[in-house]
Amino acid sequence: MFLEEIMVSQVIEKLAREIELADGQEVLATGVIDPLSGEISEIRVLARGNTGAAPAIVNDVGPGQILIHNHPSGKLSPSEADLRVASLVGNQGAGFLIIDNLVEEGYMVVEPHLPRERQRLSSREIIQFFEEGNMLSRSLGKYEYRPQQLEMVKTIIFALNNRRHLMVEAGTGTGKSMAYLVPALHWAVKNNEKVVVSTNTINLQEQLFYKDIPLLEKALTPILPREFRTVLVKGRRNYVCLRKLNFLNQGYEELKVEEEQMLTEVNHQVFREDVGSKSEFPFQPDADLWEKVASEAETCLRSKCPHYRGCFFQRARRETTGADLLIVNHHLLFADLAVRKERGDGEIAVLPKYKHLILDEAHNLEHVATEYLGYQLNRYNFIRFLQYIYNTKGKNQQGLLQGIRGSLAKTILNKDQKSEVLRLIDIEIIPLFLKVRDMAQHFFTQVADFFQQQQTRGESKLRLIKETLDNEKWQSDVLPAADDFIGAINQLGRKMTVLYDELEGLKDQEIPDYDSLLVELDGRITQLQRVLRSLEFITNLEDESYVYWMEVFYRRKDELYCTLQAAPLEIADDIREQVVEALDTVIFTSATLTVQNNFNYFRHNLGLTDERVDDLLVGSPFDYQKQALVTVVKDTTDPNHSSYVEEVQDHLLQILQIMKGRTLVLFTSYRMLNVFYTALQNPLEKEGIRLYKQGEGSRQQIINNFKEEEKGVIFGTSSFWEGIDIQGEDLSCVVITKLPFLVPSEPIVEARVEKLKREGKNPFVHFMLPNAVIKFKQGFGRLVRSKDDRGVVVVFDQRLYSKSYGRVFLNSLPKTKICVDTFDEISKRLKDFII
């Protein structure tokens, strides 16, 4: 085609000038298509390369845009690399155009998708769907009309129609899943724009996909313009890599007997059952074996892989490209955001481009984001990583370097070429590799010794602060070991890069598994560089916007567990830049976002200060005045007193006997949970009450067993404060042993407290208290899960009564009967209320 037919003259002139400034080499630009004329009316240069290639910066192109790149040779046929990029941008709605250096002719590889005017959602149409007697009630059977749900629906429709963001606290029983799914599906189908729904727990993720979505397929299909498509998205490492699996099957790596047996089962699932997702296997694969076969971005050959067509991850990725609604979890979402932030590479990202995001269980966002926006170096993971490069364990030497040697041995090469590569591996790289391994062991040993000298409180974590740099042992032992480790990694990385260049020079030779070995080598170099960045960042302790710490303990067979970490003190800027400012509409929702009906804590922590961010608070449809009783035992000693544990154990035993089980007991630490479990297990068994403890089986197994048991009790901490949905008489009592304040000595907590003090703020009021209130509300929310439920919350923390801040906790709950009394009186009230 002639470019003057599709470009305005100014664009043609600018492109010609840019190519000339690049000395006729490759230039990559993005063009914007005028919606009225259909011509490319403006361009922006993204990158410049050489005569054969240019960097493919494709992350920000979408509908109404076109990626333009010249072929200096004048041949306009797309290369394999061109086709890969064209496929990527095409899936994002953009076009791909190859032009000559004279900017006269071009070849349109992918036609651009021209954006059309967005269709606004009809509030009336969607609201009718929720009214009594309409489609939703007919599809769900037990559906009940709830005005709180309708208010949430209306506000979400407004946000989608006007490109606004929204924080919604929706009380238990509101039906918030349906309140956001229905408008989201209408928007996705009518506008052909993806909506991503992210949850914190797998339980909710699976509930949405396997329970709610099938119901909506039945109800919405008759009224939507077309059927909608939903995909449950899993992380890349959930999928088996066929190339790596075949590598193991060919015996290139020695396996333990139990790994051989597990490999047989994996092969059966993959090749006989066509199942390549770990979560869909009828068994749990061994962690070490799965590490050897799991898909990973750094070593993926993509379209060059001989197994590309059958690749389970690529199949799943193609499904996400064609889906309307993507259901993910927060960990996957932030892992994807971290990749895009670091690499800007849409090709290795898990999620396709999207502009609309719904974050359920949003009260957990700060914790998850902090984890993914930091740095970490773990001894076990690093040693295991080294084994993929060169492994001297077992009868035979294994790993990537041996794989390269083996392939070269099967290839007819010039003697000098082969000997140079083998010399590089045997004489330079392997000795450097062994040096890195030794330096790593020495470094982590020095870190562990430093930890044991400094940590005198019996805890497993030690915060690293500026003063640490002046510590004599840090100066004399840890830093020199770190410098040696860093130097060895640098040397190894440079030599592996030389090896990569040498192998790239042999691309015309018929080397077995050439592409696989080359991409794996490149991936291992990238991972080595990431380790180097983490090590330097953490040991320098320079960035004051981060908190640094080490975690050290010994586990089975005296195996040293040693991790160094750095995490941002605030994540507000990242959330604002990568989520709020980057997307059209974001819905943050949970049953627990406010403190005393105020969103300030959540808004501040996530940087939701943009004028486009609205808020909505809708209460629960449950009648808590009739359905629930909150009791505070005022005659227990202070939770920090030595007699507290023994005293509460006696009281708790009586409560569980009165309730005949049917109770969830929430603790604030595993240590306290185990103390109570040891003390009460036998007395409860004598009463025929079965006690289930967190950690003995999966959470879902514990819940299922509890439901089947007539007299069951669950002891839980951390994750058991939320996400548990047990309706009916099975769960009639929730016991909160202590108010769930954060541990002050935790490195992140300690650092955030110090930061607030420097800012002249009260850390208790602005951080510790609101965080505990939200956790407390989550614990309270485990009790009443339907309009027919009745139950009691018992709090064994007299601070709720004796301290002024206790009112903040109680005022943040729904309007409920509250009884503050002695244990004896509360026991009587308990019997009366339940009966």
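Trainee: In which helix is Glu-366 found?

Mentor: This is a predicted model, where local features need pLDDT of at least 70 and side-chain atom pairs count only at pLDDT 80 or more, while totals for chains, interfaces and linings use all residues. Residues are numbered from 1 along each chain as its sequence is written, and side-chain values use heavy atoms, with hydrogens and water left out. Helices (H or I, at least four residues) and strands (E, at least two) are DSSP runs, numbered from the N terminus. On that basis, Glu-366 belongs to helix H13 (residues 365–372).

Trainee: Is Glu-366 buried or exposed?

Mentor: Buried means under 20% relative accessible area, exposed means over 50%, and partly exposed lies in between (1.4 Å probe, protein chains only). Glu-366 has a relative accessible area of 17%, so this residue is buried.

Trainee: With which side chain does the side chain of Glu-366 make a polar contact?

Mentor: A polar contact is a pair of N or O atoms within 3.5 Å; within protein, one must be able to donate a hydrogen and the other to accept it, and residues adjacent in sequence count only if both atoms are side-chain atoms. For Glu-366 the distance is 3.2 Å, and the partner is the side chain of Asn-605.

Trainee: What is the distance of the polar contact between the side chains of Glu-18 and Arg-48?

Mentor: Glu-18 sits in helix H1 (residues 9–21). Its relative accessibility is 14%, so Glu-18 counts as buried. Its side chain contacts that of Arg-48 at 3.2 Å.

Trainee: How many salt bridges does the structure hold?

Mentor: Side chains of opposite charge can pair when their charged atoms come close. A salt bridge is a side-chain nitrogen of Lys or Arg within 4 Å of a carboxyl oxygen of Asp or Glu. The total for the structure is 40.

Trainee: How many residues apart are Glu-169 and Lys-777?

Mentor: Their side chains meet in a salt bridge, 3.1 Å from N to O. The pair links distant parts of the chain: Glu-169 is in strand E6 (residues 165–170), Lys-777 is in helix H26 (residues 763–780), and the separation is 608 residues.

Trainee: Are Glu-169 and Lys-777 buried or exposed?

Mentor: Take the salt bridge that joins the two side chains. Glu-169 and Lys-777 are both buried.

Trainee: Why are Arg-524 and Glu-520 separated by about one helical turn?

Mentor: The two form a salt bridge, with the closest N and O atoms 3.4 Å apart. Arg-524 is buried at 4% relative accessible area, and Glu-520 is buried at 17%. The separation is about one helical turn because the residues are four apart in helix H18 (residues 514–540).

Trainee: In which helix do Asp-573 and Arg-576 both lie?

Mentor: Asp-573 forms a salt bridge with Arg-576, the closest N and O atoms being 2.2 Å apart. Asp-573 is partly exposed at 43%, and Arg-576 is partly exposed at 24%. They are three residues apart, about one turn, in helix H19 (residues 572–580).

Trainee: Which residues gather in a patch of negative charge on the surface?

Mentor: Patches are made of residues with over 30% relative accessible area and no salt bridge; like charges are joined within 9 Å, nonpolar side chains (Val, Leu, Ile, Met, Phe, Trp, Tyr) within 5 Å. Lys and Arg count as positive and Asp and Glu as negative, with His and the chain ends not counted; a charge is placed at NZ of Lys, CZ of Arg, CG of Asp or CD of Glu. The negative patch consists of Glu-4, Glu-5, Glu-104 and Glu-105.

Trainee: What is the area of the nonpolar surface patch made by Tyr-801, Ile-818 and Val-820?

Mentor: Accessible areas come from the Shrake-Rupley method with a 1.4 Å probe; for residues, only the protein chains shown count as cover. Tyr-801 lies in helix H27 (residues 799–802) and is partly exposed at 46%. The patch covers about 250 Å².

Trainee: What is the phi of Asp-274?

Mentor: Asp-274 is in the loop between helix H9 (257–272) and helix H10 (287–293). At 45% relative accessible area, Asp-274 is partly exposed. Phi is positive in this residue other than glycine, near 55 degrees.
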